[in-house]
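Please keep the sequence and the structure in view while reading.

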Amino acid sequence: MPTLRRRNPELAVKALEGIVSANTFFTVAVFIGITGTITPSSTIHPACVAGDDIARNFFLFEILSFGFYLLSSLVAQGMKLTITLLASDDFYGDGDAQKPPPSDDCEEMPAWRAAAPRERRRAVLRFAQPMMLLAAGCSIMGTFFLLLSMVDAIQLKFGILSCFIPLAVGATFALSALVVGGLLFYGSTVAYALTHYLP
């Protein structure tokens, strides 16, 4: 039998706030990457200088990353507002327990609105689960495309990876390992939260 703590709307709101905060941080990084200019190192062999295709992919991945972060933030903010309003007893006048609803309105009142506050919270949190999954998934996809753009930035600065330049290969490997590790940890915590703290 799940406990009331697992149905607490504040947990979902705090989780959504965390997603928005992370997206904001990464969106700033995306804007810095788009507005900045990358000058190739003067020590790169001419045959290893990145071409226009890598520069084009760099901006494409930055734009896709920004789009996913924006969608994730909008979905999270929308669900945060929905949970805050619909989970409030006072929003539907449920706080006044001494004043029963008029009898002539009971038959016309929608079932979801006439339900007890606890049942309404559970219904809202069931709707929040797929929306939180969408917000987290878009955030993960945004980070993935941000990683691809940073790999292209490394190639634009230090040379293409096919030349096996130690600095370019080492930076790409370190960046990929850190980001993939972070995404795996983030994805596992999101999966745990969705399966244990939401109905």
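**The disulfide**

The model is predicted. A disulfide is a covalent bond between the sulfur atoms of two cysteines. The count in this model comes to 1 disulfide. This bond joins Cys48 to Cys163, with an S to S distance of 2.2 Å. Cys48 sits in the loop between helix H1 (9-35) and helix H2 (52-86), while Cys163 sits in the loop between H4 and helix H5 (166-196), so the pair ties together parts that are 115 residues apart in sequence. The torsion about the S-S bond is about -105°, and the disulfide is therefore left-handed.

**Accessibility**

| Residue | Relative accessible area | Class |
|---|---|---|
| Cys48 | 11% | buried |
| Cys163 | 28% | partly exposed |
| Cys138 | 6% | buried |
| Met131 | 23% | partly exposed |

Cys138 counts as buried because its relative accessible area of 6% is under the 20% cut-off.

**Met131**

Met131 belongs to helix H4, which covers residues 117-158. Leaving aside residues up to four places away in sequence, Met131 touches Val75 and Met79. Between Met131 and Leu16 there are 115 residues in sequence, but 9.8 Å in space from C-alpha to C-alpha.

**Spans from the record**

An unreviewed UniProt entry lists residues 20-38, 58-76, 127-147 and 159-186 under "transmembrane region". In the model, residues 58-76 are 100% helix and 0% strand, and their end C-alpha atoms lie 27 Å apart. Residues 159-186 are 75% helix and 0% strand, with end C-alpha atoms 31 Å apart.

Methods
Residues are numbered from 1 along each chain as its sequence is written. This is a predicted model: local features need pLDDT of at least 70, side-chain atom pairs count only at pLDDT 80 or more; totals for chains, interfaces and linings use all residues. Side-chain values use heavy atoms; hydrogens and water are left out. Helices (H or I, at least four residues) and strands (E, at least two) are DSSP runs, numbered from the N terminus. Buried means under 20% relative accessible area, exposed over 50%, partly exposed in between (1.4 Å probe, protein chains only). Contact means heavy atoms within 4.5 Å. UniProt positions are given in the numbering used here, feature names are shortened, and annotations may be inferred rather than shown by experiment. A disulfide is a pair of cysteine sulfur atoms within 2.5 Å.
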